[in-house]
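Colleague: Could you walk me through this one? I'd like to start with the ligand and then move on to other parts of the fold.

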Amino acid sequence: MSRKPLISGNWKMNLNHFEAIQCVQKLSYLLTKDDYSAVDVSVHPPFTDIRSVQTVIDADELLMQLGAQHCHWEEKGAFTGEIAPAFLAKLHVKYVIVGHSERRELFGETDEMVHKKVAAVIANQMTPIMCVGETLDERETGQTEGKVLAQVAAGLVGRKPEQVSSMVIAYEPVWAIGTGRNATAEDAQAVCAAIRAEVGRMFGAEAAAQIRIQYGGSVKAGTVADLMKQPDVDGALVGGASLDPDEFARIVQLGR
Ligand code: PGA
């Protein structure tokens, strides 16, 4: 299987643009060429930092890739406070997180909005990292697969198999995000395998074999290696632990 793992740092609403530059520079001293040949690494700063981080990445020819945390689906217009996908593409953003559970829960993002955003990100030649995941209540009442696969189907319906092949899905159990609790490697594997099977049903074996599926939720240096050993886990979406360049570099190196 030729899926190169992707480890992404989701900084959420942390680090101003000065702090972001420092974080990226420190990370660049810690990661080696071998790391980048084994794993793709992306950082997802807040919007106000993206231009600064892009300048550092381009000027120093860093091998890490730039990501965003969110965008709107329209090209332009009267959407106060929103950011168009084309603005991100112009800043060499490669990956855009779509439908993070914090956006879904705190800002009312629906499956329909996620679906439109996935389409818009792809139309602007960037790669969506589409987040899916169940709440604690859903897990405890045996609804994990039903919930997650419904989110996968709603987000991807109507896309072409070759578009889905190059996408990323992040499986993030909501109860594991920022809580210090994470799914066991076996649980993560089971859900990621079910996601891959659903992609196979919708888009065929080729798309299922190629799509990358990350696990996210309290990933740390101490837990990443077991997760990455699982056959259907192709990377990690890391929140809190990605704010510390030493810890994030260890996660990349242990996740290789
Ligand atoms: P966490 O966040 O690693 O802090 O749990 C993960 C995420 O929300 O992407």
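This is a predicted model: local features need pLDDT of at least 70, side-chain atom pairs count only at pLDDT 80 or more; totals for chains, interfaces and linings use all residues.

Colleague: Which residues around the ligand come nearest?

Modeller: There are 13 residues around the ligand, and those that come nearest are Lys12, His100, Glu172, Gly178 and Ser218.

Colleague: What lies 2.7 Å or 2.6 Å from an oxygen atom of the ligand?

Modeller: In the side chain of Glu172, an N or O atom is 2.7 Å from a ligand oxygen, while for Gly178 a backbone N or O atom lies 2.6 Å from an oxygen atom of the ligand. Ser218 also contributes a backbone N or O atom, at 2.7 Å from a ligand oxygen. Taken alone, the ligand exposes 280 Å², and the protein buries 95% of that.

Colleague: Switching to helix 3, which of its residues are buried?

Modeller: The buried residues in helix 3 are Asp49, Ile50, Ser52, Val53, Gln54, Val56 and Ile57.

Colleague: And what do those buried residues pack against?

Modeller: They pack against helix 1 (17-30) and helix 4 (85-90), as well as strand 2 (40-44), strand 3 (65-68) and strand 4 (93-98). As for its length, helix 3 covers residues 47-59, and at 1.5 Å a residue its 13 residues should span 18 Å, which agrees with the 19 Å between its end C-alpha atoms. Helix 3 is followed by Glu61, which has a positive phi, near 50°.

Colleague: How many salt bridges does a search of the whole structure find?

Modeller: The search finds 17 salt bridges. One of them joins Asp246 and Lys26, with the closest N and O atoms 3.1 Å apart. This pair links distant parts of the chain, since Asp246 sits in helix 13 (residues 245-254) and Lys26 in helix 1, 220 residues apart.

Colleague: Where do Arg250 and Glu247 lie relative to each other?

Modeller: Both are in helix 13, and because they are three residues apart, about one helical turn separates them. Arg250 is partly exposed at 40%, whereas Glu247 is buried at 14%. Elsewhere, salt bridges that share partners join Arg3, Arg196, Asp232 and Asp234 into one network.

Technical notes:
Residues are numbered from 1 along each chain as its sequence is written. Side-chain values use heavy atoms; hydrogens and water are left out. Helices (H or I, at least four residues) and strands (E, at least two) are DSSP runs, numbered from the N terminus. The expected span of a helix is 1.5 Å times one less than its number of residues. Buried means under 20% relative accessible area, exposed over 50%, partly exposed in between (1.4 Å probe, protein chains only). Contact means heavy atoms within 4.5 Å. A residue is near a molecule or strand if one of its heavy atoms lies within 4 Å of it. A polar contact is a pair of N or O atoms within 3.5 Å; within protein, one must be able to donate a hydrogen and the other to accept it, and residues adjacent in sequence count only if both atoms are side-chain atoms. Accessible areas come from the Shrake-Rupley method with a 1.4 Å probe; for residues, only the protein chains shown count as cover. A salt bridge is a side-chain nitrogen of Lys or Arg within 4 Å of a carboxyl oxygen of Asp or Glu.
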